[in-house]
Amino acid sequence: SSILGFQRLKIKYRASGKPKASWRTVEPLGLLFRRFGYLVANNIKTSMMPLTYRLDLIEEVEDAGQFFEEHKTFEFKEWAKESFGIFHGDELLNIKLRFTGEAAKRAERVQFHPSQNVRKGRSGSTIIELRCRGHRELIHELCHPDWVGQLAIEKPDEFRTSYFEYVKELGKVS
């Protein structure tokens, strides 16, 4: 009811990788359910831009005793559609992927992102173009064994570079 009632909340949140939780005052905007559940909210001290808080890392919640104005220019559904997964910190990129072999057939049936455009390419390949943020989550998905060795990242160059840097780091894990 706090989301619908435009009530500020105090949340005791332990960011991933941090040893202790800290209190934050937020303006709830909505809930997202992906791999984890997330509260999407503006943090009034650090940033008014929407941030995501994993629900399982929120240790306590209190009513802050304050109301906030509805953000008329913020469209929650549009905001949620932009990212691959839930992250929005990245630049919005136009990404072109080419799948070959068995992965081409599998990729045709996968909904990677709401913006995707799927078409047949040369030699039985499948081309998927999408526009999204959340590049790290997309890179995680593209490292899945279903795609390895049967995927070419055709554009943009900076996304391809990030992918190969990530794969190189994975190779260092002992």
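The legends below describe close-up views of a predicted model.

**Figure 1. Overview of the protein chain in the predicted model.**
The protein chain contains four helices and nine strands. Along the sequence, these elements run in the pattern β-β-β-β-β-α-β-α-β-β-α-β-α. Of its 174 residues, 39% count as buried. Among contacts between residues at least 6 apart in sequence, 57% join residues at least 24 apart. The protein chain exposes about 10700 Å², and carbon and sulfur atoms supply 50% of that area.

**Figure 2. A nonpolar surface patch made of Leu31, Phe33 and Leu55.**
The three residues Leu31, Phe33 and Leu55 together have about 280 Å² of accessible area. Leucine 31 belongs to strand β2, which covers residues 22-33. The relative accessible area of leucine 31 is 40%. Leucine 31 is therefore partly exposed, since that class lies between the buried limit of under 20% and the exposed limit of over 50%.

**Figure 3. The salt bridge between arginine 8 and glutamate 27.**
Side chains of opposite charge can pair when their charged atoms come close. In this view the side chains of arginine 8 and glutamate 27 meet at 2.7 Å, N to O. The pair links distant parts of the chain, with arginine 8 in strand β1 (residues 7-13) and glutamate 27 in strand β2, 19 residues apart. Is glutamate 27 buried or exposed? Glutamate 27 is buried, because its relative accessible area is 2% and the limit for buried is under 20%.

**Figure 4. The salt bridge between glutamate 59 and arginine 14.**
The side chains of glutamate 59 and arginine 14 meet at 3.9 Å, N to O. Glutamate 59 counts as partly exposed, with 45% relative accessibility. Arginine 14 also counts as partly exposed, with 28% relative accessibility.

**Figure 5. The salt bridge between glutamate 108 and lysine 120.**
The N to O distance between the side chains of glutamate 108 and lysine 120 is 2.4 Å. This pair links distant parts of the chain: glutamate 108 is in helix α2 (residues 101-108) and lysine 120 is in strand β7 (residues 117-120), twelve residues apart. Glutamate 108 counts as partly exposed at 37% relative accessibility. Lysine 120 is exposed, because its relative accessible area is 55% and the limit for exposed is over 50%.

**Figure 6. The salt-bridge network of Lys96, Arg98 and Glu154.**
Salt bridges link Lys96, Arg98 and Glu154 in a network. In the model as a whole, the count comes to eleven salt bridges.

**Figure 7. Buried alanines of helix α2.**
Ala103, Ala104 and Ala107 are the buried residues of α2. They cover an arc of only 110 degrees around the axis, which puts them on the same side of α2. These buried residues pack against β6 and β8 (126-132).

Helix α4 covers residues 157-171. At 1.5 Å a residue, its 15 residues should span 21 Å, which agrees with the 21 Å between its end C-alpha atoms.

**Figure 8. Valine 148 in the loop between α3 and β9.**
Valine 148 is partly exposed, with a relative accessible area of 48%. Its C-alpha atom is separated by 9.6 Å from that of phenylalanine 99, although valine 148 and phenylalanine 99 are 49 residues apart along the chain.

Terms used. Residues numbered from 1 in each chain as written. Predicted model: local features only at pLDDT ≥ 70, side-chain atom pairs only at ≥ 80, totals over all residues. Heavy atoms only, no water. Patch = residues over 30% accessible without salt bridge, like charges linked within 9 Å, V, L, I, M, F, W, Y side chains within 5 Å. Areas by Shrake-Rupley, 256 points an atom, 1.4 Å probe, with all protein chains shown as cover. Salt bridge = Lys/Arg side-chain N within 4 Å of Asp/Glu carboxyl O. Helix = DSSP H or I, 4+ residues; strand = E, 2+ residues; numbered from the N terminus. Buried < 20%, exposed > 50% of the residue type's maximum accessible area, 1.4 Å probe, protein only. Expected span 1.5 Å × (residues − 1). Contact = heavy atoms within 4.5 Å. Arc of directions from axis to C-beta.
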